[in-house]
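Okay, thanks everyone, let's get going.

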Amino acid sequence: MAAGEFGDLGGYYFRFLPQKTFQSLSSQEITSRLRQWSMLGRIKAQAFSFDQTFQAYRKDDFVMAFFKDPNVIPNLKLLSDSSGQWITLGTEVKKIEAINVPCTQLSMSFFHRLYDEDIVRDNGHIVKCLDSFCDPFLISDELRRVLLVEDSEKYEVFGQPDREEFLFCLFKHLCLGGALCQYEDVINPYLETTKLIYKDLVSVRKNPQTKKIQITSFVFKVSAYDSAGMCYPSTKNHEQTFSYFTVDPIKRHLHVLYHCYGVGDMS
């Protein structure tokens, strides 16, 4: 095989899709929730298309090609650590990490156990508990306890495979919020926002044989490194700073969900 032919195998080309809007992040109701959770102005979704068959086992090549693509470099947004402004990646990516995030959940009934285990009351109110810290988060209710405190008695309500699911990750990120997060007293805003963002990012189709709905998207949690260290999603590591890539191999679309922990827009 000639070197040229082999080199072409990695040739994913990307296009930015600025016209693609994400209702789940832009509606008035969600905007006011994100403001309350100190995430507004620090969370963003962007869409790109690509030109070749996506192969999950080659995800690292795919993500590396993305960061090197001339249509991505001027369009992919991240927050500057120094200025707090949205910028583009002004550095050469040398290495990437793309962690597989399981995405199999088709129903919000996944969270019914919160009611069964008295973490949330039947009327939707989140059960309060004595204040404690799980650095940097204040824990003042059973919901954040079950999300964060590994040796709490109800932590096992969600097993390890459950906690790795994209649906759980989204929910947890929204519950924990940004630096000046005002927490909800009731569960519904968290569940509803999780569901809307999930539906916006994840593609489903009806299996022609079984007629069952199935998820077609692949999800990766992505970080990138330049010669100085991590440069994306931020130069600082934080549980609430993330970038998820959801790949629709049928439409050949890639959605990027990005958040950088900090103080969100107040106004």
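Predicted model: local features only at pLDDT ≥ 70, side-chain atom pairs only at ≥ 80, totals over all residues.

So, how many bridges pair strand β12 with β13, and in which sense? Seven, and the pairing is antiparallel. Strands here are DSSP runs of E, at least two residues, and helices are runs of H or I, at least four residues, numbered from the N terminus. Two strands pair if DSSP finds at least two bridges between them.

Residues are numbered from 1 along each chain as its sequence is written, and side-chain values use heavy atoms, with hydrogens and water left out.

Back to the strands. β12 covers residues 242-248 and β13 covers 253-259. Asp248 has His253 in β13 as its bridge partner. There are four residues between the strands of this hairpin, and Arg252 takes a positive phi near 60 degrees there. β13 also pairs with β2, residues 43-50, by seven bridges, again antiparallel. In that pairing, Lys44 sits opposite Tyr258. And β13 is mostly covered, with six of its seven residues buried. Buried means under 20% relative accessible area, exposed means over 50%, and partly exposed is in between, using a 1.4 Å probe and protein chains only.

Next, His238, in the loop between β11 (229-232) and β12. His238 and Tyr261 are 23 residues apart in sequence, but 7.1 Å apart in space, C-alpha to C-alpha. The His238 side chain also reaches the backbone nitrogen of Gln240 at 2.9 Å.

Last stop, helix α8, residues 166-176. Why call α8 largely enclosed by the rest of the structure? Because eleven of its eleven residues are buried. Among them are Phe166, Phe168 and Phe171, and also Lys172 and His173. As a reminder, an α-helix has 3.6 residues a turn, so residues three or four places apart point the same way. Just after α8, Gly177 takes a positive phi of about 65 degrees.

That's my tour, over to you.

Conventions: Polar contact = N/O pair within 3.5 Å; in protein donor to acceptor, adjacent residues only side chain to side chain.
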